[in-house]
Amino acid sequence: MQLFKNQIVQTILFGLGAVLLFNVIGYMLFLQAFPKDAEEEARIKQFQSTWDKRAEYYRKHPHVVDGQ
């Protein structure tokens, strides 16, 4: 494997490994900072259902805005 003895290739691979490591660490910190809350998810889904019902209603009953 002559390619891996090249210093530029080693430097690039090391840099990519370091970036990957920092991305994984950042993702883990992000997950710790914003935990998934089942109650909050259910509340958001409830509003999504309401928005969907309103959208369907307004599709069936178009409203005139500004006399148009």
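These are my notebook entries on a predicted model.

**Ground rules.** I number residues from 1 along each chain as its sequence is written, and side-chain values use heavy atoms, with hydrogens and water left out. Since this is a predicted model, local features need pLDDT of at least 70 and side-chain atom pairs count only at pLDDT 80 or more, while totals for chains, interfaces and linings use all residues.

**Overall form.** I looked up the secondary structure and found two helices and zero strands; helices (H or I, at least four residues) and strands (E, at least two) are DSSP runs, numbered from the N terminus. The radius of gyration is 26 Å, well over the 11 Å that the globule rule gives for 68 residues, so the protein is more spread out than a compact globule. That radius is taken over C-alpha atoms, and the globule rule is 2.2 Å times the number of residues to the power 0.38. The C-alpha trace spans about 75 × 35 × 20 Å along its principal axes. Buried residues make up 0% of the 68; buried means under 20% relative accessible area, exposed over 50%, and partly exposed in between (1.4 Å probe, protein chains only).

**Helix H1.** H1 has 27 residues and reaches 39 Å from its first C-alpha to its last, close to the 39 Å expected; the expected span is 1.5 Å times one less than the number of residues. Phe-30 lies in this helix, which covers residues 7-33, and is partly exposed at a relative accessible area of 47%.

**Salt bridges.** I searched the whole structure and got three salt bridges, each defined as a side-chain nitrogen of Lys or Arg within 4 Å of a carboxyl oxygen of Asp or Glu. Glu-40 and Arg-43 meet in one of them, at 2.9 Å, N to O. Both lie in helix H2 (residues 38-60), three residues apart, about one turn of the helix. Glu-40 is partly exposed at 33%, and Arg-43 is partly exposed at 40%.

Glu-56 forms a salt bridge with Arg-59, the closest N and O atoms being 2.7 Å apart. Glu-56 also meets Lys-60 in a salt bridge, at 4.0 Å, N to O. Salt bridges that share partners join Glu-56, Arg-59 and Lys-60 into one network. Why are Lys-60 and Glu-56 separated by about one helical turn? They are four residues apart in helix H2. On accessibility, Glu-56 counts as partly exposed at 35%, Arg-59 as exposed at 61%, and Lys-60 as exposed at 58%.
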